[in-house]
Amino acid sequence: MEKLIRKKTLLMSLFMGIIMGTVFTVMAQLKNQGRIIVMGLITSIIISIMISCIIGLIVPMKTVNEKVCEKLRIESDMKIRTLLATAFVDNLIFTPLNCIVNFWYGMAMGLTDLPPDVVNPFQRMAFCVQLPYFVPALISTLLLDLAVGYILCLIATPFINRTTNKMCGQLEFLNS
(Lines give C-alpha, C1' and ligand atoms only; values in the text may rest on other atoms or scores of the structure.)
Protein backbone atom coordinates (compact mmCIF):
# COMPACT_ATOMS: atom_id res chain seq x y z
CA MET A 1 0.00 0.00 0.00
CA GLU A 2 2.74 2.44 1.00
CA LYS A 3 4.69 1.55 -2.15
CA LEU A 4 1.67 2.30 -4.36
CA ILE A 5 1.13 5.68 -2.71
CA ARG A 6 4.81 6.54 -3.17
CA LYS A 7 4.67 5.37 -6.80
CA LYS A 8 1.57 7.48 -7.51
CA THR A 9 3.14 10.53 -5.85
CA LEU A 10 6.35 10.14 -7.83
CA LEU A 11 4.47 9.64 -11.11
CA MET A 12 2.30 12.71 -10.50
CA SER A 13 5.38 14.79 -9.71
CA LEU A 14 7.16 13.45 -12.79
CA PHE A 15 4.26 14.29 -15.11
CA MET A 16 3.77 17.74 -13.54
CA GLY A 17 7.49 18.39 -13.88
CA ILE A 18 7.41 17.49 -17.56
CA ILE A 19 4.33 19.57 -18.32
CA MET A 20 5.23 22.61 -16.24
CA GLY A 21 8.90 22.47 -17.19
CA THR A 22 8.09 22.40 -20.89
CA VAL A 23 5.52 25.19 -20.76
CA PHE A 24 7.56 27.45 -18.46
CA THR A 25 10.74 26.97 -20.48
CA VAL A 26 9.04 27.68 -23.80
CA MET A 27 7.39 30.77 -22.29
CA ALA A 28 10.65 32.03 -20.78
CA GLN A 29 12.63 31.46 -23.95
CA LEU A 30 10.05 33.17 -26.12
CA LYS A 31 9.74 36.05 -23.63
CA ASN A 32 13.46 36.62 -23.10
CA GLN A 33 15.04 35.55 -26.39
CA GLY A 34 12.20 35.48 -28.90
CA ARG A 35 13.15 31.96 -30.00
CA ILE A 36 13.37 28.42 -28.66
CA ILE A 37 16.78 26.87 -28.01
CA VAL A 38 16.36 23.09 -28.04
CA MET A 39 19.28 22.26 -25.75
CA GLY A 40 18.11 24.85 -23.22
CA LEU A 41 14.61 23.41 -23.41
CA ILE A 42 15.82 19.87 -22.74
CA THR A 43 18.07 21.00 -19.86
CA SER A 44 15.28 23.02 -18.26
CA ILE A 45 12.83 20.13 -18.54
CA ILE A 46 15.34 17.83 -16.83
CA ILE A 47 15.85 20.42 -14.07
CA SER A 48 12.06 20.77 -13.64
CA ILE A 49 11.59 17.01 -13.45
CA MET A 50 14.29 16.70 -10.79
CA ILE A 51 12.87 19.58 -8.74
CA SER A 52 9.30 18.28 -9.04
CA CYS A 53 10.28 14.74 -8.06
CA ILE A 54 12.20 16.00 -5.03
CA ILE A 55 9.25 18.16 -3.98
CA GLY A 56 6.91 15.21 -4.58
CA LEU A 57 9.02 12.99 -2.34
CA ILE A 58 9.44 15.58 0.42
CA VAL A 59 6.02 17.25 0.52
CA PRO A 60 3.01 15.00 1.20
CA MET A 61 0.77 16.71 -1.37
CA LYS A 62 -2.34 14.67 -0.61
CA THR A 63 -2.11 15.52 3.10
CA VAL A 64 -1.38 19.20 2.41
CA ASN A 65 -4.31 19.46 0.01
CA GLU A 66 -6.63 17.74 2.50
CA LYS A 67 -5.56 20.11 5.29
CA VAL A 68 -6.11 23.17 3.08
CA CYS A 69 -9.56 21.95 2.04
CA GLU A 70 -10.36 21.27 5.70
CA LYS A 71 -9.25 24.78 6.73
CA LEU A 72 -11.31 26.31 3.92
CA ARG A 73 -14.29 24.10 4.92
CA ILE A 74 -14.46 22.50 1.48
CA GLU A 75 -16.26 19.17 1.59
CA SER A 76 -15.11 16.25 -0.56
CA ASP A 77 -18.30 16.40 -2.64
CA MET A 78 -17.52 19.99 -3.74
CA LYS A 79 -15.49 18.92 -6.78
CA ILE A 80 -14.99 22.37 -8.37
CA ARG A 81 -14.01 24.07 -5.11
CA THR A 82 -11.69 21.20 -4.26
CA LEU A 83 -10.05 21.42 -7.68
CA LEU A 84 -9.62 25.20 -7.40
CA ALA A 85 -8.09 24.95 -3.91
CA THR A 86 -5.76 22.04 -4.68
CA ALA A 87 -4.61 23.62 -7.95
CA PHE A 88 -3.76 26.78 -6.03
CA VAL A 89 -1.80 24.85 -3.40
CA ASP A 90 -0.01 22.68 -5.98
CA ASN A 91 0.88 25.78 -7.98
CA LEU A 92 2.29 27.58 -4.93
CA ILE A 93 4.41 24.57 -4.03
CA PHE A 94 5.76 23.52 -7.44
CA THR A 95 5.95 26.72 -9.51
CA PRO A 96 8.17 29.17 -7.56
CA LEU A 97 11.15 26.87 -7.14
CA ASN A 98 10.91 25.59 -10.73
CA CYS A 99 10.60 29.13 -12.03
CA ILE A 100 13.47 30.59 -10.01
CA VAL A 101 15.95 27.81 -10.77
CA ASN A 102 15.10 27.59 -14.48
CA PHE A 103 15.07 31.37 -14.92
CA TRP A 104 18.37 31.74 -13.14
CA TYR A 105 19.97 28.89 -15.07
CA GLY A 106 18.58 30.10 -18.40
CA MET A 107 19.73 33.66 -17.84
CA ALA A 108 23.18 32.50 -16.76
CA MET A 109 23.59 30.28 -19.82
CA GLY A 110 22.38 33.07 -22.10
CA LEU A 111 25.01 35.56 -20.98
CA THR A 112 27.61 36.15 -23.68
CA ASP A 113 29.74 38.97 -22.23
CA LEU A 114 31.32 37.05 -19.37
CA PRO A 115 35.01 37.03 -18.47
CA PRO A 116 36.83 34.09 -20.10
CA ASP A 117 37.54 32.39 -16.76
CA VAL A 118 33.80 32.05 -15.96
CA VAL A 119 32.88 28.71 -17.55
CA ASN A 120 31.26 26.65 -14.79
CA PRO A 121 27.41 26.95 -14.76
CA PHE A 122 27.47 27.83 -11.04
CA GLN A 123 30.03 30.58 -11.64
CA ARG A 124 27.82 31.89 -14.46
CA MET A 125 24.80 31.82 -12.12
CA ALA A 126 26.73 33.74 -9.43
CA PHE A 127 27.75 36.34 -12.01
CA CYS A 128 24.16 36.57 -13.24
CA VAL A 129 22.76 37.61 -9.84
CA GLN A 130 24.94 40.73 -9.86
CA LEU A 131 23.16 42.08 -12.94
CA PRO A 132 20.88 45.07 -12.22
CA TYR A 133 17.98 43.68 -14.23
CA PHE A 134 18.03 40.20 -12.65
CA VAL A 135 15.49 40.77 -9.85
CA PRO A 136 12.89 42.71 -11.91
CA ALA A 137 13.09 40.11 -14.69
CA LEU A 138 12.79 37.28 -12.15
CA ILE A 139 9.74 38.85 -10.48
CA SER A 140 7.94 39.43 -13.79
CA THR A 141 8.69 35.86 -14.90
CA LEU A 142 7.58 34.45 -11.54
CA LEU A 143 4.25 36.33 -11.67
CA LEU A 144 3.62 35.15 -15.22
CA ASP A 145 4.55 31.57 -14.32
CA LEU A 146 2.28 31.61 -11.25
CA ALA A 147 -0.68 32.70 -13.39
CA VAL A 148 0.02 30.17 -16.13
CA GLY A 149 0.93 27.49 -13.58
CA TYR A 150 -2.45 27.83 -11.87
CA ILE A 151 -4.25 27.32 -15.16
CA LEU A 152 -1.96 24.38 -15.95
CA CYS A 153 -2.67 22.81 -12.55
CA LEU A 154 -6.41 23.26 -13.07
CA ILE A 155 -6.30 21.58 -16.47
CA ALA A 156 -3.57 18.97 -16.04
CA THR A 157 -4.08 17.65 -12.51
CA PRO A 158 -7.35 15.74 -13.15
CA PHE A 159 -5.88 14.08 -16.26
CA ILE A 160 -2.61 13.23 -14.54
CA ASN A 161 -4.53 11.90 -11.54
CA ARG A 162 -6.60 9.56 -13.73
CA THR A 163 -3.51 8.43 -15.64
CA THR A 164 -1.51 7.69 -12.50
CA ASN A 165 -4.49 5.85 -10.98
CA LYS A 166 -4.58 3.60 -14.04
CA MET A 167 -0.81 3.08 -13.89
CA CYS A 168 -1.04 2.17 -10.20
CA GLY A 169 -3.96 -0.22 -10.68
CA GLN A 170 -7.11 1.91 -10.37
CA LEU A 171 -6.49 3.21 -6.88
CA GLU A 172 -9.73 5.10 -6.40
CA PHE A 173 -9.02 5.71 -2.73
CA LEU A 174 -5.94 7.74 -3.71
CA ASN A 175 -7.81 10.46 -5.59
CA SER A 176 -5.96 13.66 -4.81
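Mentor: Keep in mind that this is a predicted model, and let us begin with helix α6, residues 134-167, which spans only 42 Å between its end C-alpha atoms, whereas a straight helix of 34 residues would span 50 Å at 1.5 Å a residue.

Trainee: Where does α6 bend, and which proline follows within four residues?
Mentor: The bend in α6, of about 40 degrees, is at Ala156, and the proline that follows within four residues is Pro158. After α6 comes Gly169, which has a positive phi, near 90 degrees.

Trainee: What span does α4 reach, and what is expected at 1.5 Å a residue?
Mentor: With its 32 residues, α4 reaches 43 Å from its first C-alpha to its last, and this is close to the 46 Å expected. There is a bend in α4 as well, of about 30 degrees at Thr95, and Pro96 is the proline that follows within four residues.

Trainee: Why are α4 and α5 called roughly perpendicular to each other?
Mentor: Helix α4 (residues 79-110) and helix α5 (residues 121-129) pack at an angle of about 95 degrees, with their axes 8 Å apart. Angles of 65 to 115 degrees count as roughly perpendicular, and α4 and α5 are therefore described in that way.

Trainee: Which residues meet there?
Mentor: Trp104, Tyr105, Met107, Ala108 and Met109 in α4 meet Pro121, Arg124, Met125, Cys128 and Val129 in α5. By class, this contact has nine nonpolar residues, no polar ones and one charged residue.

Trainee: How many aromatic pairs are there, and what makes the pair of Phe88 and Tyr150 edge-to-face?
Mentor: Rings pair if their centres lie within 6.5 Å, and by this rule the count comes to three aromatic pairs. The rings of Phe88 and Tyr150 have centres 6.2 Å apart and planes at 75 degrees; planes over 60 degrees apart count as edge-to-face, so this pair is edge-to-face. Because Phe88 lies in helix α4 and Tyr150 in helix α6, the pair ties together parts that are 62 residues apart in sequence.

Note on methods:
Residues numbered from 1 in each chain as written. Predicted model: local features only at pLDDT ≥ 70, side-chain atom pairs only at ≥ 80, totals over all residues. Heavy atoms only, no water. Helix = DSSP H or I, 4+ residues; strand = E, 2+ residues; numbered from the N terminus. Expected span 1.5 Å × (residues − 1). Bend = angle between axes of the 7 residues up to and from the residue. Axes fitted to C-alpha atoms, helices over the stretch in contact; angles between N-to-C directions. Parallel < 35°, antiparallel > 145°, perpendicular 65-115°, else oblique. Contact = heavy atoms within 4.5 Å. Nonpolar A, V, L, I, M, F, W, Y, C, P; charged D, E, K, R; others polar. Phe/Tyr/Trp six-rings, centres within 6.5 Å; stacked < 30°, edge-to-face > 60°.
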